[in-house]
Amino acid sequence: MFSGDPKEYLTFWSIFSKIHDSEDLTTIDKFQYLYQSMEPHSKAARLISSLPITFENYPNAVEQLKLRFGREDLLVQIYVRDLLSLVLKNATTAKNTPDLATLYYMLETKLRALESLGRTKEKFGDFLEPLVESCLPENVLRAVGKEKNFRKY
């Protein structure tokens, strides 16, 4: 089910694309599956339900979903802002940071999403590495010998 939260779009589309790319289903069937994949009363459901289920409207529905929720530039901004939010949280409430396992999961989720959008460590490491390090508590940076570098950022 897709609610219209852009953070869910990559997962939703990677699953739904199997239906979208199927040669065994008619366009109307695909549109019906798309319609049923929307979380009721969500932004995404309102968007899809605004289009009558017709052969001609299915490509338009898919395009509208991509434009509204799946734009790469928008998704990159969302994930980078999430990383910045972790940096600010670490800077202002260092004592109340999540446990290390939770923080790792949060960072990994955002970094994998950025990687799937082509923002890999190889291309953007000089930007992402200090950002990720800035999310980490000072005691962790000290333990891995990055404290000196951390203070530069």
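A salt bridge is counted here where a side-chain nitrogen of Lys or Arg lies within 4 Å of a carboxyl oxygen of Asp or Glu. The model is predicted, with local features needing pLDDT of at least 70 and side-chain atom pairs counting only at pLDDT 80 or more, whereas totals for chains, interfaces and linings use all residues. Residues are numbered from 1 along each chain as its sequence is written, and side-chain values use heavy atoms, with hydrogens and water left out.

**View A. A network of salt bridges links K7, D82 and K110.** Side chains of opposite charge can pair when their charged atoms come close. K7 forms a salt bridge with D82, in which the closest N and O atoms are 2.9 Å apart. This pair joins distant parts of the chain, since K7 belongs to helix α1 (residues 6-20) and D82 to helix α5, 75 residues apart; helices are DSSP runs of H or I with at least four residues, numbered from the N terminus. D82 also meets K110 in a salt bridge, at 4.0 Å from N to O, and here too distant parts of the chain are linked, with K110 in helix α6 and D82 in helix α5, 28 residues apart. K7 counts as partly exposed because its relative accessibility is 39%, while D82, at 16%, counts as buried; buried means under 20% relative accessible area, exposed over 50%, and partly exposed in between (1.4 Å probe, protein chains only). K110 and D82 are both buried.

**View B. R71 and D73 form a salt bridge.** The structure holds five salt bridges, and in this one the side chains of R71 and D73 meet at 3.1 Å from N to O. R71 is partly exposed, with a relative accessible area of 37%, and D73 counts as partly exposed at 41% relative accessibility.

**View C. The largest pocket is lined by 16 residues.** A pocket is an open set of points on a 1 Å grid over the protein atoms alone, where a 1.4 Å probe fits and protein lies on both sides within 12 Å along at least five of seven lines; lining residues have an atom within 4 Å of a point. The volume of the largest pocket is about 420 Å³, a volume being the space filled by probe spheres set on the points, which are joined across faces, edges and corners. Of the lining residues, L111, K121, L128, E129 and V132 are the closest to the centre of this pocket. Helices α6 (100-116) and α7 (121-135) each supply at least two residues of the lining, and α6 gives the most, with six residues. By class, the lining has eight nonpolar, one polar and seven charged residues; Ala, Val, Leu, Ile, Met, Phe, Trp, Tyr, Cys and Pro count as nonpolar, Asp, Glu, Lys and Arg as charged, and the others, Gly among them, as polar.

**View D. I28, Y35, I53 and F55 form a nonpolar patch on the surface.** Together these residues have about 360 Å² of accessible area, from the Shrake-Rupley method with a 1.4 Å probe. Such a patch is made of residues with over 30% relative accessible area and no salt bridge, nonpolar side chains being joined within 5 Å. Y35 lies in helix α2 (residues 27-36) and counts as partly exposed at 39% relative accessibility.

**View E. H41 has a positive phi in a residue other than glycine.** The phi of H41 is near 65°, and H41 is found in the loop between α2 and α3 (43-49). With a relative accessible area of 74%, H41 is exposed.

Conventions: Patches are made of residues with over 30% relative accessible area and no salt bridge: like charges are joined within 9 Å, nonpolar side chains (Val, Leu, Ile, Met, Phe, Trp, Tyr) within 5 Å.
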